[in-house]
Amino acid sequence: MKHRDRMNPEGDAKKKSHEHLQFLLDSHEEILEHIRQLNDWWKELDERGMPKYGEMGTRMEGLKKLLSKHFCDEEQEGYFKPLMDESPGFCIMVPDFQKKHKEFLTRIDDFSTRLKQSEPPFQNWNEALQELQGLLDELRNNENEEIQRVREAFENSSPDQSS
């Protein structure tokens with residue numbers, strides 16, 4: 001005798017979407033935590049008056065590596081696949097994500113390279129800090145926007161919403 005509870009492909013698809021959405025949100029949280037740690041470290045050095053341009057460049061490379069993997073997963077539909085299956089209109093957002101991702105990685109790479117130069121092209125540590133803050137603020141806003149768009153796509157594709 002088959003039980004209806006066990007044979008619910010629609011419920012299984014929704015559960016998988018929830019899992020993928022949670023995986024995406026966890027990845028975003030990991031990035032936001034990394035950004036917070038960069039900010040804390042930079043501010044601590046600033047308070048002590050101990051600029052470490054090269055080390056910051058290396059730390060920015062770590063952020064770039066984390067973002068590269070995250071962006072690649074998003075662009076390969078790894079995170080978005082269940083949402084795209086349920087809501088094909090969501091796929092129009094992916095090219096926009098790809099363009100922004102490439103721009104962020106290029107900017108982070110450029111900033112890191114300049115930080116690691118033997119004579120960094122910044123007038124002082126504060127100038128470099130301001131550039132970092134601008135870059136991290138934009139990245140944080142981008143990640144939050146992506147989270148919101150993914151949530152909206154998920155909510156719009158959820159079977160419970162189509163009554």
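The pLDDT is the predictor's confidence in each residue, on a scale from 0 to 100. The structure shown is a predicted model, and the legends below begin with this confidence.

**Figure 1. Confidence along the chain.** Helix H2 has the highest mean pLDDT among the elements of the chain, at 88, whereas helix H3 (residues 81–86) has the lowest, at 60. For the chain as a whole the mean pLDDT is 77, and 69% of the residues reach 70 or more. Over residues 1–10 the pLDDT is below 50, and this stretch has 1 contact in the model beyond near neighbours in sequence. Where pLDDT is low, the predicted coordinates should not be read in detail.

**Figure 2. Helix H2 and its buried residues.** Helix H2 contains 23 residues and spans 32 Å between its first and last C-alpha atoms, close to the 33 Å expected at 1.5 Å a residue. The buried residues of H2 are Tyr53, Met56, Gly57, Met60, Leu63, Leu67, His70, Phe71 and Glu74. An α-helix has 3.6 residues a turn, so residues three or four places apart point the same way.

**Figure 3. The largest nonpolar core.** This core comprises 26 residues, of which Trp42, Met60, Leu63 and Leu115 touch the most other members. Two or more residues are given to the core by each of helix H1 (9–48), helix H2 (53–75), helix H4 (93–115) and helix H5 (125–157). Met60 is in contact with Leu38, Ile108, Phe111, Ser112, Leu115, Leu132 and Leu135, when its neighbours within four places in sequence are left aside. In soluble globular proteins, nonpolar side chains tend to be buried together.

**Figure 4. Aromatic pairs around Phe122.** The structure holds 4 aromatic pairs. One of them is the stacked pair of Tyr53 and Phe122, with 6.2 Å from centre to centre and 5° between the planes. Tyr53 belongs to helix H2 and Phe122 to the loop between H4 and H5, so that the pair links distant parts of the chain, 69 residues apart. Phe122 also forms an edge-to-face pair with Phe111, at 5.8 Å centre to centre and 75° between the planes. Because Phe111 lies in helix H4 and Phe122 in the loop between H4 and H5, this second pair ties together parts that are 11 residues apart in sequence. Phe111 is buried, with a relative accessible area of 0%, and Phe122 also counts as buried, at 8%. Ring pairs link Trp42, Tyr53, Phe111, Phe122 and Trp125 into a cluster.

Figure 5. Arg114 is a residue of helix H4. Its relative accessible area is 18%, and Arg114 therefore counts as buried, since the cut-off for this class is under 20%. Not counting residues up to four places away in sequence, Arg114 touches Pro120, Pro121, Phe122 and Glu131.

**Figure 6. A charge over a ring.** The charged end of Arg59 sits over the ring of Trp41, 4.0 Å from the centre of that ring.

**Figure 7. The surroundings of Leu45.** Leu45 is part of helix H1. With 5% relative accessibility, Leu45 counts as buried. Beyond its neighbours within four places in sequence, Leu45 is in contact with Met50, Lys52 and Trp125. Leu45 and Trp125 are 80 residues apart along the chain, and their C-alpha atoms are separated by 9.5 Å.

Note on methods: Residues are numbered from 1 along each chain as its sequence is written. Side-chain values use heavy atoms; hydrogens and water are left out. A nonpolar core is a set of buried Ala, Val, Leu, Ile, Met, Phe, Trp, Tyr and Cys residues joined through side-chain atoms within 4.5 Å. Buried means under 20% relative accessible area, exposed over 50%, partly exposed in between (1.4 Å probe, protein chains only). Helices (H or I, at least four residues) and strands (E, at least two) are DSSP runs, numbered from the N terminus. Contact means heavy atoms within 4.5 Å. The expected span of a helix is 1.5 Å times one less than its number of residues. Rings of Phe, Tyr and Trp (its six-membered ring) pair if their centres lie within 6.5 Å; planes under 30 degrees apart count as stacked, over 60 as edge-to-face and the rest as tilted. A charge sits over a ring if NZ of Lys or CZ of Arg is within 6 Å of the ring centre and within 35 degrees of the ring normal.
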